[in-house]
Amino acid sequence: LRLGGSRVGGDDTHAQVGTGRPVRDAMHLKRLFAEKLERFDPGFGIDTLVLAAIEVDPLAPAQAALEESQGGGASEALAHLLDRLANRLGPNRVLSLMTLPRHPPEHAQRAIAALTEAAAPVASTLAPRPLQLLATPEPIEAVAPVPDRPPVMFRWRRRQHRVALADGPERIAPEWWLEDPAELFNDAERLRDYYRIEDTDGRRFWLFRAGLYRPDQPPKWYMHGIFP
């Protein structure tokens, strides 16, 4: 929506707001305009005001929830919040993550503008993913008495954790279709076996062993994420 005003001096001023999806909520649009009107300079007066919908989309009917406990308004509330943030900070400064069909977890998403229409969702794996993913996997010291099994103890950032529960492994292989065929099998450490670990204090982690087990080499373990 664009609110344009013709000032007495002959020049124009305007305020413009947008939403991420079609809305009919007049109070929501009023709230978006309220922040913009603080910078709407009337000068010595306004002769004419014109409110125009400069970009529109079809608005399909939707079933409202009978009770708040059903959560019917949760998506609408989130959309309104994104609209307010985008109009205040700029539409390209409010980001969300879009899932990508990539094997390495650190490459399985991409930041996009939150108000951008996302592509079709990608089917996710059945194994859960941590809410917080480290930018780079961090080496840890782990003790795993049984080969190809999760550790019973590990040290991360100078703190020791005793494992109470473990689930896995979930094997994530390299993306062979993106690899140079001559180098495909030269680096076995790119294969990862992930485990979901809970320590005796109830904290949950996502860690992995790099490469296949080799009797002549100690395994390399890494911390990659933290579950809530």
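Trainee: How many helices and strands are there in the protein, and in what order do the elements run from the N terminus on?

Mentor: In this predicted model, the protein has two helices and 11 strands, and from the N terminus on its elements run β-β-α-β-α-β-β-β-β-β-β-β-β. Of the 228 residues, 26% count as buried, while the protein exposes about 15,800 Å², of which carbon and sulfur atoms supply 54%. Among contacts between residues at least 6 apart in sequence, 54% join residues at least 24 apart.

Trainee: Which strands make up the open sheet of three strands, and in what order?

Mentor: The order is E2-E1-E3, and the pairing is antiparallel. Strand E2 (12–16) and strand E3 (46–52) stand at the edges with a single partner strand each, so one side of each is left without a neighbour in the sheet. On average, and with direction ignored, neighbouring strands of this sheet are turned by 15° against each other.

Trainee: Which residues pair across this sheet, and how many bridges join E1 to E2?

Mentor: Five bridges join strand E1 (residues 2–7) to E2, and the two run antiparallel; Ser 6 stands opposite Asp 12 in E2, and Arg 2 has Gln 16 in E2 as its bridge partner. The hairpin of E1 and E2 has four residues between the strands, and in this hairpin Gly 10 takes a positive phi near 105°. E1 and E3 pair over six bridges, also in the antiparallel sense, and the bridge partner of Leu 3 in E3 is Leu 51.

Trainee: What should I keep in mind when I follow side chains along a strand?

Mentor: In a regular strand the side chains alternate between the two faces of the sheet.

Trainee: Which residues form the largest nonpolar core?

Mentor: The largest nonpolar core has 11 residues, namely Leu 134, Ile 140, Phe 154, Trp 156, Val 163, Tyr 195, Ile 197, Phe 205, Leu 207, Trp 221 and Met 223. The elements that give two or more residues to this core are strand E6 (132–143), strand E7 (153–156), strand E9 (192–199), strand E10 (204–210) and strand E11 (220–227).

Trainee: Is His 80 buried or exposed, and what is it in contact with?

Mentor: His 80, which is found in helix H2 (residues 74–89), has a relative accessible area of 11% and is therefore buried, since the cut-off is under 20%. Leaving aside neighbours within four places in sequence, His 80 is in contact with Val 23, Asp 25 and His 28.

Trainee: Where is Asn 92, and is Asn 92 buried or exposed?

Mentor: Asn 92 has its place in the loop between H2 and strand E4 (95–99), and at 66% relative accessibility it counts as exposed. Although Asn 92 and Ala 113 are 21 residues apart in sequence, their C-alpha atoms are 5.4 Å apart in space.

Trainee: What is Asp 167 in contact with?

Mentor: Asp 167 lies in strand E8 (residues 159–172) and is partly exposed, with a relative accessible area of 39%. Apart from its neighbours within four places in sequence, Asp 167 is in contact with Tyr 194, Tyr 195 and Arg 196. The C-alpha atoms of Asp 167 and Pro 150, which are 17 residues apart along the chain, are separated by 8.0 Å.

Trainee: How do I read backbone angles, and where should I look here?

Mentor: Most residues other than glycine have a negative phi, and most peptide bonds are trans. Against that background, a cis peptide bond joins Gly 168 and Pro 169, with omega about 10°, and Pro 169 is found in strand E8. Arg 157, which is not a glycine, has a positive phi of about 55°, and Arg 158, which is not a glycine either, has a positive phi of about 65°.

How values were computed. Residues numbered from 1 in each chain as written. Predicted model: local features only at pLDDT ≥ 70, side-chain atom pairs only at ≥ 80, totals over all residues. Heavy atoms only, no water. Core = buried A, V, L, I, M, F, W, Y, C linked by side-chain atoms within 4.5 Å. Buried < 20%, exposed > 50% of the residue type's maximum accessible area, 1.4 Å probe, protein only. Contact = heavy atoms within 4.5 Å. Areas by Shrake-Rupley, 256 points an atom, 1.4 Å probe, with all protein chains shown as cover. Pairing = 2+ DSSP bridges. Axes fitted to C-alpha atoms, helices over the stretch in contact; angles between N-to-C directions.
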